[in-house]
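Please read the points below with the sequence and the model open side by side.

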2 protein chains.
Amino acid sequence: MKKAAAAQRKPTLKDLAEQAGVSVGTASNVMAGRGGPSAATVTHVFEVARKIGYVANAAARSLRSRRSRLVACLVPDITNRFYGVIVRAAEHVLREAGYTLLLVDTHNDTERECELLLDVTRVGVDGVLFAPGSESSGKLQQQIAQVDVPLVILDRDIAPDRPSVKVDHFSGALKTANYLLDLGHRRIALLFPSSHLRPARERWHAFETAAAARGIGDALELVRIDTSSMDIAFSQCLALFQQAAPPTAIFGLGTTLLAGALKAARQTGRDIPGDLSVVCVGDTELAQVHTPELTTLTWSLQDLGRHAARLLLAEMEPGIEPQSSPDATGHLMLTCELILRDSCAAVDAQGRRKAARGCAKTTAS
Amino acid sequence: MKKAAAAQRKPTLKDLAEQAGVSVGTASNVMAGRGGPSAATVTHVFEVARKIGYVANAAARSLRSRRSRLVACLVPDITNRFYGVIVRAAEHVLREAGYTLLLVDTHNDTERECELLLDVTRVGVDGVLFAPGSESSGKLQQQIAQVDVPLVILDRDIAPDRPSVKVDHFSGALKTANYLLDLGHRRIALLFPSSHLRPARERWHAFETAAAARGIGDALELVRIDTSSMDIAFSQCLALFQQAAPPTAIFGLGTTLLAGALKAARQTGRDIPGDLSVVCVGDTELAQVHTPELTTLTWSLQDLGRHAARLLLAEMEPGIEPQSSPDATGHLMLTCELILRDSCAAVDAQGRRKAARGCAKTTAS
DNA sequence: CTGTTAGCGCTTTCAA
DNA sequence: TTGAAAGCGCTAACAG
């Protein structure tokens, strides 16, 4: 019966204050951890709170303080491990700062991103982490401008007036391009999930830049495969491998696309790195499980999520500093690393393999 | 200036009522979609709302209505594609019902699960979806009992008084066991990420049951490898493959564990299915990318997430029916499917391969 | 350092 | 069908 009575109505701040023999104001100050009350009062109030099972009502608190301690995170696809890692890291730092993360999966649909961005502001979040699926939508840009709380963009070129955390895909791809060019490759296939987005744009540009820099712009044959489907990547690579002058190297995203490409390589009896050099983008399990292990261009998704969360915190609580160090405009750039493993080999001018065995582990510039 | 003035203070329901020439009560009824106001009033109020950019304040609404339309979802690791799929599906059905999902990653830590379960109720969620990382913690069971809102458990045997959605791992593994036993396999390695959890327990039990049913309980050698690390799976399988009477078949989770096992198989020069039959658990990319494609025991993670969300909705809104059909106690069981592909072959009594080429695609019971 | 008080913006009776 | 009024539980400003 005692329990039933207690469960009947949740104790409010008023109850707590009465039971503890203090005023609501004091009780509030204690429970919110605001300095003021004496140590004796604090311990006593906490004690009573524990005893009567007092829990502050979040709605009332938000209503009055105009802060919900809720942060929305919009990602194109939480099924994708990339976003899983980012979200996990972000959630972790936000939680430590006392925020809770609302997850919204936009299904990589621009229309939906617009709606959801709006929906989410209705919930009254204090901030937004946004990983857009596209960059070119004017409507989306407008919608972002409408958001009246701090918002941080993840690795996309959109809304330059908002802080962002990006990956330096250009430098990363440049390293890779130089590495591959040094090995003698001149016909290279680049696999992109969506070539109009920042990562793909930067990488393509980097390969062209690298070739131009060494004056072999004309000699370099770059093939672009633009799909996010494993099956299409597979069939397109198959076609590519069967043509007269097939690529001697491929470079592409590791979980889905490259899997399709590798399957095509296997099907056409290609040895890696004997007949085909491979650079994997993103350090996936595939890269490490594959035989031989794949040379990989990678960056820290954890840092991406972590820094984005910190940037957002800094915006939400003007008191605290970003911890990370964005440039003057609030943009932060993360670097890529090229991990040399066993999937690349040198080729001669005809695209035939040079060395008999072993793989190329000469350092890239 | 007009814009600045508008942005100055967000319009409240009172503002809306005044502008529209109705009372707050009516305005509230209109905005909340409650029947009552005449069609003319409704359109007019909506019109004005749109014009002045009225957005209801979620905190005030929650405070008054005692419902936040927030649902917490606790998962051990959002980095794991399994949970990504579940969360995505759940988020989708919850959103359609007007709820927003709070994501909490428990990092597969029981202590943390307890704390977070508590934390999350403080936020004032209307319900909880919980995918526990463990089953045996008494403290966790207590903590679950403390949660005073609807809560649905995902695929774990804990808190039987709460509704749950589970996968029928037993029947699935039984099918697999019979299939493998029919092919003549008698030395089988079972890979588990954590053998004390429901999926592993049921699968192990199923293999023993299958053997007992055909009176070969003694002849069957089951090896258990219990790790969630790819490297450990690799080294343990390597050791296993190098012993005098190595297993002729392995059965295990597909993304990490099996990847390690396959690497060990490759390293010991094993042909699949020639020297080793493989059944993959969970339809991962690996299963389809591998050559040969892997026979797989699978179930719908989407359904798992979807049904869990529906069950929760039914609990939160007593009006609506579950749509899914749980048993009397609110538990729902999802079935597994064994997809026969090219990674299993028949062996003779000595464990040597029987057929020369091709793979076993005889139907399992 | 502690108490008092006036709302935050909304829903929900109840009366008109 | 609509309007008026009473709070939901809390914070913040100010008085003591």
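1. In chain B, the buried residues of H11(B) pack against strand E6 (187-192), strand E7 (221-226) and helix H12 (257-267) of chain B. Those buried residues are B:Ala233, B:Phe234, B:Gln236, B:Cys237 and B:Phe241, where buried means that 20 or more other C-beta atoms, placed from the backbone, lie within 10 Å of the residue's own. Helices (H or I, at least four residues) and strands (E, at least two) are DSSP runs, numbered from the N terminus.

2. The model is predicted, and local features need pLDDT of at least 70, side-chain atom pairs count only at pLDDT 80 or more, and totals for chains, interfaces and linings use all residues. Residues are numbered from 1 along each chain as its sequence is written, while chains are lettered from A and ligands numbered from 1 in the order in which they are written.

3. The length of helix H11 (residues 230-242) of chain B agrees with expectation, because its 13 residues at 1.5 Å a residue should span 18 Å and its end C-alpha atoms are 18 Å apart; the expected span is 1.5 Å times one less than the number of residues.

4. In helix H2 (residues 13-20) of chain B, the buried residues are B:Leu16, B:Ala17 and B:Ala20. Viewed down the axis of H2(B), these fall within an arc of 100°, so they line one face of the helix; the arc is that of the directions from the helix axis to the C-beta atoms. Their cover includes H3 and helix H4 (39-52) of chain B, and just after H2(B) the residue B:Gly21 takes a positive phi of about 70°.

5. Around DNA strand D there are 25 residues, of which A:Leu13, A:Ala60, B:Ser23, B:Gly25 and B:Pro37 come nearest; a residue is near a strand if its C-beta atom, placed from the backbone, lies within 6 Å of it. H5(A) gives the most to this surface, with five residues.

6. A rotation of 180° with 0.0 Å of shift along its axis superposes chain B on chain A, with an RMSD of 0.1 Å, by least squares on the C-alpha atoms of residues with pLDDT of at least 70 in both. The two copies are thus related as by a two-fold rotation axis.

7. At the interface, 32 residues of chain B are in contact with 32 residues of chain A, contact meaning that C-beta atoms, placed from the backbone, lie within 7 Å. H6(B) gives the most to the side of chain B that touches chain A, with six residues.

Terms used: A residue is buried if 20 or more other C-beta atoms lie within 10 Å of its own, exposed if 12 or fewer, and partly exposed in between; C-beta atoms are placed from the backbone. Two residues are in contact if their C-beta atoms, placed from the backbone, lie within 7 Å.
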